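Please read the following note with the sequence and the structure side by side. The points are numbered so that each can be checked separately.

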Amino acid sequence: MRILHTSDWHLGRSFHGVGMLGAQQQFIDRLVDTVCEERVDAVLIAGDVYDRALPGVDVVRLLDSALERITAAGAKVILSSGNHDSAARLGFGSRIFERGGVYLRTRISEIDEPVLLETGGSPVAVYGIPYLEPRLAAPELGVETPQHAAVVAEAIRRITADVKRRADAGEPVQPVAMAHVFASGGITSDSERDLTVGGVGAVPLDLFDGFTYTALGHLHGRQELSPSVRYSGSPLPYSFSEARQQKGGLLVDFDGGGLVSVEPVVWPAPRRLAVLRGTLAELLADPALADAETAYCQVTLTDDERPAKAMDSVRSRFPDTLVLTFEPASGPRASGQTYSQRLAKATDDLEICCGFLDHVRSRQADEQEKQLFAEVLSKVQSTEAAQ
């Protein structure tokens, strides 16, 4: 039995204003190729199938096409809802879809209803745990404390009870959990929506001790929390903090007796990400940065003074620069005084205007700019005097 563990597709997401639907279509092409080449029996999507609760029509069509292609390639699809999804909308038609090999787990009432996958021995039983918003899920689960750890613990208690019932009936299974959570020990990235307020959202790792394998979603970097508890990571990078991560999924093999192996599968992104840092002159001249000329770039300029028309200059070499920030290598140029303190010492209106320009762009006004300020101030003073 071979499972392809994926999560966090985020269909419909944009990347700093750049649409990603074409890139997402390409990763689905690679996924379908993997299903065929590796003879995958089931594809798991552990939450955040969509990027928003109300996806666009073209985004829904992309998922529809993906599900049709995966099942046509011979694999079942088991997906659960994440914190970006609307569980009710994603779960529409779930009983009908099961007839075509697509199993949607978006309802609390279905937590202890596994999808059984035959292995020749004890079957693999995949239990899909949808994202459980503590305040909404706690009443239905009968949990008094509306916290992530408490609601997930109750979900796992229900699953464990079902596993025991099957064992007592002489039909033991190998339980596999799918969950969209922040498990203790996971490392976050900038593109993940925070699941917590005040840091109370982490779920203890030992909650998953009783499972043959746990397929986690939410964190976008591939991570191994234990040999049997893993994040597959997102199939594409969704922030520059993920620039160095390998993207793809995990191939998980079982036999009749348990977990056999977990191996990564890599799907290269259509466009590389580059994170660049240095002075403008250094970045424009460095031959080692040639590969970044065709990448999406995040650039941090370290010039002591902010260069004029900085974005235009950076894009003359790196045309797909999406983020530009400024961090002078020498630190702030201020004399240790706040802007308000410097403003209080200004002797005339011209000094106030030039000081403001210096404050907002980290570069002093040049002679032409000072002359323009002086002319404008002179006209204002003349108008006021005439009134």
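1. A glycine in a loop. Gly201 is found in the loop that runs between strand 9 (174–180) and strand 10 (213–217). With a relative accessible area of 1%, Gly201 counts as buried, because buried means under 20%. From the C-alpha atom of Gly201 to that of Asp286 the separation is 44 Å, the two residues being 85 residues apart along the chain. Please keep in mind for this and every later point that the model is predicted.

2. The annotated span. The UniProt record, in an unreviewed entry, places the feature "domain: Calcineurin-like phosphoesterase" at residues 1–97. In the model, this span of residues 1–97 is 42% helix and 20% strand, and its end C-alpha atoms lie 22 Å apart.

3. Aromatic pairs. How many aromatic pairs does the count come to? The count comes to four aromatic pairs. One of them joins Trp9 and Phe27, whose rings are edge-to-face, with 5.3 Å from centre to centre and 85° between the planes. Trp9 lies in the loop between strand 1 (2–6) and strand 2 (14–15), while Phe27 lies in helix 1 (residues 21–37), so this pair ties together parts that are 18 residues apart in sequence. Both Trp9 and Phe27 are buried.

4. Taken together, Trp9, Phe27 and Trp267 form one aromatic cluster.

5. Arginines over rings. Two further contacts bring an arginine over an aromatic face. Arg271 lies over the face of Tyr296, at 4.5 Å from the ring centre, and Arg306 lies over the face of Phe326, at 4.0 Å from the ring centre.

6. The search of the whole structure finds 23 salt bridges. In one of them the side chains of Glu38 and Arg2 meet, with 3.0 Å from N to O.

7. Where do Arg95 and Glu110 lie? The closest N and O atoms of their salt bridge are 3.6 Å apart. Arg95 lies in helix 4 (residues 94–97) and Glu110 in the loop between strand 6 (102–105) and strand 7 (115–117), so the pair ties together parts that are 15 residues apart in sequence. Arg95 is partly exposed, with a relative accessible area of 46%, whereas Glu110, at 2% relative accessibility, counts as buried. Both residues belong to a network of salt bridges that links Arg95, Glu98, Arg105, Arg107, Glu110 and Glu113.

8. A nonpolar patch on the surface. Leu372, Val376 and Val380 form a nonpolar patch on the surface, and together they have about 250 Å² of accessible area. Of these residues, Val380 has its place in helix 11 (residues 367–386). Val380 is partly exposed, with a relative accessible area of 39%, and therefore passes the cut-off of over 30% relative accessible area that is used for patch residues.

Methods: Residues are numbered from 1 along each chain as its sequence is written. This is a predicted model: local features need pLDDT of at least 70, side-chain atom pairs count only at pLDDT 80 or more; totals for chains, interfaces and linings use all residues. Side-chain values use heavy atoms; hydrogens and water are left out. Patches are made of residues with over 30% relative accessible area and no salt bridge: like charges are joined within 9 Å, nonpolar side chains (Val, Leu, Ile, Met, Phe, Trp, Tyr) within 5 Å. Accessible areas come from the Shrake-Rupley method with a 1.4 Å probe; for residues, only the protein chains shown count as cover. A salt bridge is a side-chain nitrogen of Lys or Arg within 4 Å of a carboxyl oxygen of Asp or Glu. Helices (H or I, at least four residues) and strands (E, at least two) are DSSP runs, numbered from the N terminus. Buried means under 20% relative accessible area, exposed over 50%, partly exposed in between (1.4 Å probe, protein chains only). Rings of Phe, Tyr and Trp (its six-membered ring) pair if their centres lie within 6.5 Å; planes under 30 degrees apart count as stacked, over 60 as edge-to-face and the rest as tilted. A charge sits over a ring if NZ of Lys or CZ of Arg is within 6 Å of the ring centre and within 35 degrees of the ring normal. UniProt positions are given in the numbering used here, feature names are shortened, and annotations may be inferred rather than shown by experiment.
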